[in-house]
Amino acid sequence: LAVAKKELQESKAALELDREELRSLKQKVKEENGKDQRPHSCRPKRTTPASSASTEMSTEETEEYNDDMDDILEVEEKTLDSLLEKVKELSGYDNVDTLIERLSGFEESNFSRFQYITELEAEVGRVEDDIITATKELERMKNKGLNQQMEQLKERDLIKQSRQKINEKIQDLDKEYESQVELWEKMRTGIA
C-alpha cells in the first residue's frame with residue numbers, strides 16, 4: 001500500500017510538472033500573440049459593388065476586391081509566420097513537426113499517467129477496503145480470543161476453588177483418620 005501510494009504521488013508530481021510546462025508554453029505563446037495582434041478594424045474591409053442594382057462586379061471593382069483580399073491574406077500569412085517563429089523561439093524547436101510530436105507525446109504521456117493514477121487510486125481503494133475488512137476480522141478474533149481466555153480463567157478459578165475444597169476435605173479426613181488411629185491405638189492398648 002505504501003509503495004502504491006508513493007508511486008501515485010510520483011506519477012501525480014510528474015503529471016503536474018508536464019502540465020505546468022505546457023501551461024508555461026501556452027502562456028508564452030499567448031503573451032507573444034497579444035503583442036502582435038492588431039485590432040480587427042485595421043484589416044481592410046471587404047468592399048461591395050458600387051451599384052447595388054447590379055449583382056455583377058465591374059472589372060475594376062473585382063480587381064480592387066482581389067487586391068484587398070490579397071492584402072488581408074498577406075497580413076494574416078505574415079502574422080502566422082511571425083507566430084510560428086515565436087513558437088519556435090519559445091519552445092526551442094526549429095521544426096514544428098518535432099514540436100507537435102513532442103506536445104503529442106506529452107499529451108499521450110499525461111493521459112497514460114492519468115490512467116495509471118486512476119488505476120492506482122482504485123487499487124488503493126481496494127487495498128484500504130481489504131485492510132478495513134482484515135482489521136474487523138482481527139478485532140473479532142481478538143474478542144473471540146478474549147472471550148475464550150475469560151472462560152478459561154473462570155474455569156481455572158473454579159478448578160482452583162474445587163481443588164481448595166478437596167484439599168480442605170482431605171485435611172479434615174486426615175485429621176479424622178488420625179483421631180480414629182489414636183482411638184484405635186487407645187482401644188488396642190486398653191484391650192491388651
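**Burial, contacts and charge in a predicted model**

Q: Why is Asn110 called buried?
A: The relative accessible area of Asn110 is 10%, and buried means under 20%, exposed over 50% and partly exposed in between (1.4 Å probe, protein chains only); Asn110 is therefore buried. The model is predicted, with local features needing pLDDT of at least 70 and side-chain atom pairs pLDDT 80 or more, while totals for chains, interfaces and linings use all residues. Residues are numbered from 1 along each chain as its sequence is written, and side-chain values use heavy atoms, without hydrogens and water.

Q: Which residues does Asn110 touch, not counting those up to four places away in sequence?
A: Leu15, Asp18, Arg19 and Leu22 are touched by Asn110, where contact means heavy atoms within 4.5 Å. Asn110 lies in helix H3 (residues 96-191), whereas Leu15 lies in helix H1 (residues 2-36). Helices are DSSP runs of H or I with at least four residues, strands are E runs of at least two, and both are numbered from the N terminus.

Q: What makes Leu15 buried?
A: Leu15 has a relative accessible area of 5%, so Leu15 counts as buried. With residues up to four places away in sequence left out, Leu15 touches Asn110, Arg113 and Ile117. Leu15 and Ser109 are 94 residues apart in sequence, yet their C-alpha atoms are 8.3 Å apart.

Q: Why is the pair Glu123 and Arg126 called a salt bridge?
A: A salt bridge needs a side-chain nitrogen of Lys or Arg within 4 Å of a carboxyl oxygen of Asp or Glu. The closest N and O atoms of Glu123 and Arg126 are 2.6 Å apart, and the pair forms a salt bridge. Glu123 and Arg126 are three residues apart in helix H3, so about one helical turn separates them. Glu123, at 34% relative accessibility, is partly exposed, and so is Arg126 at 46%.

Q: How many salt bridges does a search of the whole structure find?
A: The search finds three. Among them is Arg140 with Glu137, whose closest N and O atoms are 2.4 Å apart; both lie in helix H3, three residues apart. Glu185 and Arg188 form another, at 3.8 Å between the closest N and O atoms, and they too lie in helix H3, three residues apart.

Q: How do you know that Glu63 is partly exposed?
A: The relative accessible area of Glu63 is 48%, so Glu63 counts as partly exposed. Glu63 is placed in helix H2 (residues 59-91).

Q: What is the secondary structure of the protein?
A: The protein has three helices and zero strands, in the pattern α-α-α along the sequence. Of its 192 residues, 11% count as buried.
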